[in-house]
Amino acid sequence: MDYPRRIFFARRIVPLCFLLPCIIYLIAMTIYPLIYSLYLSFHTWQLGLGAREIFVGINNYKRAFYDARLLESLLHTLHILVVSLGVELLLGLAIAMFLMEEFRGRKITRAITTIPMMLVPIGVGYMWRLLFHEFAGPIDHILVSLGLPRVQWLSSVKMAIWSIIIVDIWQWTPFVAMLFLAGLQSLPKEPFEAATIDGASRFQSFSQITLPLMKPVLLVVISIRIIDIFKVFDTIYVLTGGGPGSATETCSYYAYVIGFKTFQVGYAASISYLLLILIIILSTVLISLLTKER
Amino acid sequence: MAKKNVGIVRKVVLYFIVIVLIIWVTFPLYWITLTSFKSEAEWKKVPPVYITTHPNLKSYEIVYRNYLFPAFYNGIIVAVGSTIISIVLGSLAAYALARYDFKGKDNVAFWILSTRMLLPVAVIIPFFMFMRQLRLIDNLLSLVLIHAAFNLPFSVWILRGYFLEIPKEMEESAMVDGCSGVGVLARILMPICAPGVLVTAIFCFIFSWNEFLFALILTQRAAITMPVQLSKLHQTRGPLWGQIGALGVLAIVPALILTLLIQRYLVRGLSFGALKE
């Protein structure tokens, strides 16, 4: 082969060879199941009765549109999303800014703050189940001692979802804080120095410089957390089991119940597909916001 | 004088916040550890006991004899296996993304990242059916494979971030000396980026160790992992909190230790995963 062709060969083929194992693996593990899932969603299949799948066209999707429990689960997910995300963003940013200050013991504080997000979610679920326990739990004890009314954290329809929210905030605020911290640490110093010279107050430099510069980070954090909250499963499984009744079922949990408790795999597949589409729409909106900034 | 007062006020406020943060993080951990040491009579008490007077290891004994194995070993095997796969495949892919320019590179990168958007629920049903046909239910291999798949995008992204930071000169001189592409990767980049590789590996390990949904569906008895074992403890016997506490503590400790080990690199590693898009 003459020289230019060899370079061409090397430049094109070599990176592909590096990438290929990864890509093939991902395709096998994700694209293929998705295609099969799509196939399943057009069938009814009750696992375990020995019956094979029956083609039903888009009946599953039609059923999903009229499914009140599915709609409820979406509302629950939205509820958790809005509250958890809101609190986590505020607290996370506050903690990140706090950790930017210099003080003795800063490293240790930072280390300790990162702990919750690394723990086994099931373990965290049980931890909080202990804390929330009516009568024998410390939270209840503290509330009563302060003269506040007892709260049935895990067994009342109204409050159960708040327990999920609290646990999610406890576990994932550190994650948000760390991402914000990384963002804050990578901000250029010059604008801030210029602002101080011009006599800007701390609040002014925060709102005029920090916030706008952090917008990309903010969007990334939001998109990651939104997907994570849609995925929430472990804590719900342990804390409330989706209950009482179905009061804390999120969409993922509902899909699990349909697929693995009632074993209607066809319908479950269609639900998960609808959720997938929803997430893709959400992500596309967020990404377009992100690229608009650039 | 006024300046000194402000300094003291600032310090008090700072340390107050530190204390609040520490209590916020450690109190739940303290509580579960406490419960694991309580006797059965103690954790039933109302109002709750905050400091146990007779710490006993009975719960740990029961857990050790009945529930800890094979869950603990399984967890380690799955975590190590999936971490190895995702680091090997991920470093190869990250190298290609970091060092070569080719048409469609951004698309590939974006596609790899987009797999993170995948809801596990969407994948799990077909995966379960597929594994059922292969008779791989309750087999560690199925878990290793799916965990690696979910860890891959993450590995690629973070490793790429680390690779991008290393100047090309070192590799170029090695290539002139006759080193091949893979050789460069293995002998130069990886050792230099060892902290980054370590962070990625530990993140993958922790993710796999903590994973619940797939482990729940794909394992039964032989391949059970720690989180699943924890959940089963609750169902079969009703809430025996002492034992749940003990097993919970044992499940949490490995991740805790690993986290404290990589503290230095944590923030930086996360930033590669999220910010350098």
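Trainee: How many helices and strands are there in chain B?
Mentor: Chain B has 14 helices and zero strands. Bear in mind that this is a predicted model.

Trainee: What pattern does chain B follow along the sequence?
Mentor: Read in order, the pattern is α-α-α-α-α-α-α-α-α-α-α-α-α-α.

Trainee: And how much of chain B counts as buried?
Mentor: Of its 277 residues, 58% are buried.

Trainee: What span should helix 10 of chain B have?
Mentor: Helix 10 covers residues 194–210 of chain B. At 1.5 Å a residue, it should span 24 Å. Its end C-alpha atoms are 24 Å apart, so the two values agree.

Trainee: Now packing. At what angle do helix 3 and helix 13 of chain B pack?
Mentor: About 70°, with the axes 8 Å apart. Helix 3 is residues 58–67 and helix 13 is residues 241–261. That angle makes helix 3 of chain B roughly perpendicular to helix 13 of chain B, because 65 to 115 degrees counts as such.

Trainee: Which residues make the contact?
Mentor: From helix 3 of chain B, they are B:Ser59, B:Tyr60, B:Ile62, B:Val63 and B:Tyr67. Helix 13 of chain B brings B:Gly242, B:Gln243, B:Ala246, B:Leu247, B:Val249 and B:Leu250.

Trainee: How do those residues divide into nonpolar, polar and charged?
Mentor: Eight are nonpolar, three are polar and none is charged.

Trainee: Switching to the two chains. How many residues does each put into the contact?
Mentor: Chain A gives 89 residues and chain B gives 95.

Trainee: What area is buried between chain A and chain B?
Mentor: About 8300 Å², with 81% of it from carbon and sulfur atoms.

Trainee: Which three residues of chain A supply more than any other three?
Mentor: A:Phe18, A:Met118 and A:Tyr126. Together they supply 10% of the area that chain A buries against chain B.

Trainee: Where is A:Leu26, and is it buried or exposed?
Mentor: A:Leu26 is in helix 1 of chain A, residues 3–41. Its relative accessible area is 0%, so A:Leu26 is buried.

Trainee: What is A:Leu26 in contact with?
Mentor: Leave aside neighbours within four places in sequence. Then A:Leu26 contacts A:Ile31, plus B:Trp111, B:Ile112, B:Thr115, B:Ala149, B:Leu152 and B:Pro153.

Trainee: And A:Ile279, what does that touch?
Mentor: A:Ile279 sits in helix 12 of chain A, residues 265–293. Not counting residues up to four places away, A:Ile279 touches A:Ile227, A:Phe230, B:Met117 and B:Leu119. A:Ile279 has 3% relative accessibility, so it counts as buried.

Trainee: How far apart are A:Ile279 and A:Ser223?
Mentor: They are 56 residues apart in sequence and 9.8 Å apart in space, C-alpha to C-alpha.

Trainee: What about B:Ser173 and B:Ala222?
Mentor: Those two are 49 residues apart along the chain, and their C-alpha atoms are separated by 51 Å. B:Ser173 is in helix 8 of chain B, residues 169–176. At 42% relative accessibility, B:Ser173 counts as partly exposed.

Trainee: Last one. What phi does A:Phe263 have?
Mentor: A positive one, about 60°, although A:Phe263 is not a glycine. Most residues other than glycine have a negative phi. A:Phe263 lies in the loop between helix 11 and helix 12 of chain A. With a relative accessible area of 32%, A:Phe263 is partly exposed.

Terms used
Residues are numbered from 1 along each chain as its sequence is written. Chains are lettered from A and ligands numbered from 1 in the order in which they are written. This is a predicted model: local features need pLDDT of at least 70, side-chain atom pairs count only at pLDDT 80 or more; totals for chains, interfaces and linings use all residues. Side-chain values use heavy atoms; hydrogens and water are left out. Helices (H or I, at least four residues) and strands (E, at least two) are DSSP runs, numbered from the N terminus. The expected span of a helix is 1.5 Å times one less than its number of residues. Axes are lines fitted to C-alpha atoms, for helices over the stretch in contact, and angles run from 0 to 180 degrees between N-to-C directions. Angles under 35 degrees count as roughly parallel, over 145 as roughly antiparallel, 65 to 115 as roughly perpendicular and the rest as oblique. Contact means heavy atoms within 4.5 Å. Ala, Val, Leu, Ile, Met, Phe, Trp, Tyr, Cys and Pro count as nonpolar, Asp, Glu, Lys and Arg as charged, and the others, Gly among them, as polar. Buried area is the accessible area (1.4 Å probe) that two parts lose on being put together, summed over both. Buried means under 20% relative accessible area, exposed over 50%, partly exposed in between (1.4 Å probe, protein chains only).
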